[in-house]
Amino acid sequence: MERVVLPRIGTVAAWRDAARGLAGRGVPADAVLWQVGAEAPDLFAGAPAPAATGEPRAVRLPRVAVASLEAALCHSDPERFARAYALLLRLAAGDLRWGDRSDPALRRLLQQEKAVRRDIHKMHAFVRFREVTEPGAERRAFAAWYEPDHPVVEAAAPFFARRFGDMDWVIATPVLTARFTAGGLRIEETGDTRPPPEDATEELWRTYFANIFNPARLMPRAMRSEMPKKFWQHLPEARLIPGLIREAPARALAMQEAAPTFAPARAARIVPSRPALPDLTLETLKPALDACRRCPLGACATQGIAGEGSAGGLMVVGEQPGDAEDLAGRPFVGPAGQMFDTCAREAGLDRAAAYVTNAVKHFKFAPRGKRRLHRRPDGGEVQACRWWLEFERRAVAPRLTLAMGATAALALTGRGEGILARRGRVETARDGGPVLITLHPAHLLRQPDPARRAEAREAFATDLRAVVAMLGD
Ligand code: URA
């Protein structure tokens, strides 16, 4: 048995030299015992080195193979050196083609390479330095403690040297330490493993992390997969994570309820006439809606559709503009609007005396050839648009609101239960006003059976008559 003891520092380069020499002498894979560092068990001490029984091989490998082998050698698998040498011999002998993923040994090596590359990537991302500059020192000094899964310090360190070349730093890991002093990188065995002292840099990290954290985009599962929990202990900002997660729903809600944010001034050249919010009135609502990008719908619709009509009496709220409204720029002018107008007239309800609007101000559709098929807005879109509806409610100050359909009922009351069970009921809006719930007039148009349609229409008319009665009281 031939025994090769590789140094802990420069392990990969030492393996490369040893493997080349062994292959050149024709030493078969099962005749080599690979060890790292001094403390590896010396099972075969004293045993004579066997005669080489394999073919001497000059090793010439494609560059990508060398890169993969060398990366895989940074894996923590104790058998990695022996496995890599066995593969090397097969490749050199032409028994294995590089890239043949049907070969289990090669597949395993590629998996190990992948694990190592991921570990290096994590180290680049998750090392956090604390400042340890001595008073009066010419260069600022930083230190970090980090625990990689695999011995990747040597492979990962050049990245830090390039990135932080203008300062001195030390990254200590349980086995090796990378030290960068006055522009020179050195790898050494780890001595003192005490964590570096706390200082203001920690505070800066926390501030930074709290500022880049977007509660509306919180995806704890994705966070954990990108930044597994085991790294949290070394990240100063990680202490914030549980609190940030706890507060995220409330902060996201507050963000949505806050005034819409407008694009910087230069965007005015692209989207003209955007009123400043303090100037927002029912008259300037339309251009403000045109510019709204609180949700993606505004980007596809032709225009934003503001409500229209009279303040102080009835407010009629539908779902969203349809195809006809999107083109005309007015609410309830298409087939559903005409149905509403007819039923309202029959019930003695004067549309001109009401303020007619929608829960969502842009048309949501799916293109099908030349047609644009109506798509129901989702909860996020309804929520994003509520800011506008609530502005309209403050400006109009209705005595009574008619919610037509589930979307309007949800936007006004915050409740999403089945509309059929609620129709005809008077509920309370989020702002405290009375809301009579009914079905959407498009529901009447969707009834294929004339008897059913007549029935639905009568039920709708009953609700409209109730509205007239309530307004008359
Ligand atoms: N449906 C609605 O809900 N609103 C409109 O403006 C048109 C159709």
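## Strands 4 and 5

In this predicted model, strand 4 (residues 141-145) runs parallel to strand 5 (residues 168-172), and 5 bridges link the pair. To pick out one of those spots, look at Phe142: its bridge partner in strand 5 is Trp169. As a reminder, strands of a sheet pair through backbone hydrogen bonds, either parallel or antiparallel.

Zoom out and these two belong to an open sheet of 5 strands, laid out in the order 3-4-5-6-7 with mixed pairing. The edges are taken by strand 3 (130-131) and strand 7 (184-189); each has a single partner strand, so one side of each has no neighbour in the sheet.

## Around the ligand

Now for the ligand. The residues surrounding the ligand are Gly318, Glu319, Gln320, Pro321, Gly322, Glu325, Pro331, Phe332, Asn358 and His440. A ligand nitrogen sits 2.9 Å from a polar backbone atom of Gln320. On the side-chain side of things, an N or O atom of Asn358 lies 2.6 Å from a nitrogen atom of the ligand, while a polar side-chain atom of His440 is 2.6 Å from a ligand oxygen. The protein buries 92% of the 240 Å² that the ligand exposes when taken alone.

## A closer look at His440

You'll find His440 in the loop between strand 15 (434-438) and helix 17 (441-445). With a relative accessibility of 17%, His440 counts as buried, because the cut-off is under 20%.

Leaving aside residues up to four places away in sequence, His440 touches Gly318, Glu319, Phe332, Ala336, Met404 and Gly405.

## Cysteines

How many disulfides does the model have? The count is 0. Take Cys295: the closest cysteine sulfur belongs to Cys385 and is 6.2 Å from the sulfur of Cys295, which is too far for a bond, because a disulfide needs the two sulfur atoms within 2.5 Å.

Are Cys295 and Cys343 buried or exposed? Cys295 is buried, at 17% relative accessibility. Cys343 is buried too, with a relative accessible area of 1%.

Note on methods
Residues are numbered from 1 along each chain as its sequence is written. This is a predicted model: local features need pLDDT of at least 70, side-chain atom pairs count only at pLDDT 80 or more; totals for chains, interfaces and linings use all residues. Side-chain values use heavy atoms; hydrogens and water are left out. Buried means under 20% relative accessible area, exposed over 50%, partly exposed in between (1.4 Å probe, protein chains only). Two strands pair if DSSP finds at least two bridges between them. Helices (H or I, at least four residues) and strands (E, at least two) are DSSP runs, numbered from the N terminus. Contact means heavy atoms within 4.5 Å. A residue is near a molecule or strand if one of its heavy atoms lies within 4 Å of it. A polar contact is a pair of N or O atoms within 3.5 Å; within protein, one must be able to donate a hydrogen and the other to accept it, and residues adjacent in sequence count only if both atoms are side-chain atoms. Accessible areas come from the Shrake-Rupley method with a 1.4 Å probe; for residues, only the protein chains shown count as cover.
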